[in-house]
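Please consult the sequence and the model shown here while reading.

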Amino acid sequence: MMYRFLVLNGPNLGALGIRQPEIYGPQGMDAVPEIVLDLLGPRSTQVYLDFFQSNHEGVLLDKLEQAHHEKQDGIVFNAGAYTHTSLALADCLAWIQVPCVEVHISNVFSRESLRQQSMLARHTVGVISGFGMLGYALAVQALVHHCDKIR
Ligand code: DQA
């Protein structure tokens with residue numbers, strides 16, 4: 001079984017590696033494929049990842065809709081600060097027929113109270129928060145598990 005997942009990053013996540021490394025670590029998204037390989041082993045060859053980042057809410061919406069129309073198998077979504085504010089992204093996740101796992105690099109539950117609220121989480125399979133870049137690979141693994149179950 002081959003799965004195709006969209007790995008979608010929202011605002012300020014294009015600056016990973018440069019941005020507040022004490023919170024988000026020193027690595028960029030280019031580190032993720034190797035972390036996925038380490039975690040999934042041979043199964044990683046059955047997963048195709050499409051990486052995309054935008055600072056713009058509307059572009060993220062278009063990308064989510066596109067994932068639906070293209071019948072992607074899953075979405076790994078770090079919406080950055082839009083997680084806590086965007087009813088539009090929440091509305092989109094509510095209708096698209098693509099399972100989504102929400103990821104945060106930092107542990108949002110140990111940070112300011114406004115970061116402890118997610119507009120998106122109720123429309124996702126689950127949330128992974130606080131494991132750094134490993135979180136993206138954990139989300140891929142969780143989606144593989146989810147997709148195996150529903151197929
Ligand atoms: C983040 C957490 C958000 O609160 C923040 O706005 C981000 C990154 C994370 O990955 O830890 O931009 O989603």
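## Strand S3 and its partners

In this predicted model, strands S3 and S4 run parallel and are joined by 3 bridges. Within this pair, Ile-75 stands opposite Cys-100 of S4. S3 also pairs with S1, again in the parallel sense, over 5 bridges. Here Asn-78 of S3 is the bridge partner of Asn-9.

Together with helix H4 (residues 87–95) and S4, strand S3 makes a right-handed β-α-β unit.

## Strand S4

S4 is likewise largely enclosed by the rest of the structure, because 5 of its 5 residues are buried. Both of its faces are covered: Cys-100, Glu-102 and His-104 are buried on one side, and Val-101 and Val-103 are buried on the other.

A parallel pairing of 4 bridges joins S4 to S5. In that pairing, His-104 stands opposite Ser-129 of S5.

## The sheet as a whole

How many strands form the open sheet, and in what order do they lie? The sheet has 5 strands in the order S2-S1-S3-S4-S5, with parallel pairing. Strands S2 and S5 (126–129) stand at the edges with a single partner strand each, so one side of each is left without a neighbour in the sheet. From one strand to the next, the twist averages 20°.

At the S2 end of this order, 7 bridges join S1 to S2, and these two strands run parallel. Arg-4 stands opposite Tyr-48 of S2.

## Helix H5

Which residues of H5 are buried? They are Gly-135, Tyr-136, Ala-137, Ala-139, Val-140, Leu-143, Val-144, His-146 and Cys-147. These buried residues pack against strands S1, S2, S3, S4 and S5 and against helix H2.

In soluble globular proteins, nonpolar side chains tend to be buried together. The largest nonpolar core of this model holds 27 residues, and the members that touch the most others are Phe-5, Leu-16, Val-76, Met-133, Tyr-136 and Val-140. At least two residues of this core come from each of strand S1 (3–9), helix H2 (32–40), strand S2 (47–53), strand S4 (100–104) and helix H5 (134–150). H5 supplies the largest share, with 7 residues.

Val-140 illustrates how these elements meet. Leaving aside residues up to four places away in sequence, Val-140 touches Phe-5, Val-36, Leu-40, Val-47, Leu-49 and Val-76. Apart from this core lies another, of 16 residues, which includes Leu-6, Leu-60, Leu-64 and Ala-90.

Notes. Residues numbered from 1 in each chain as written. Predicted model: local features only at pLDDT ≥ 70, side-chain atom pairs only at ≥ 80, totals over all residues. Heavy atoms only, no water. Core = buried A, V, L, I, M, F, W, Y, C linked by side-chain atoms within 4.5 Å. Buried < 20%, exposed > 50% of the residue type's maximum accessible area, 1.4 Å probe, protein only. Contact = heavy atoms within 4.5 Å. Pairing = 2+ DSSP bridges. Right-handed = clockwise from strand over helix to strand, strands pointing away. Axes fitted to C-alpha atoms, helices over the stretch in contact; angles between N-to-C directions.
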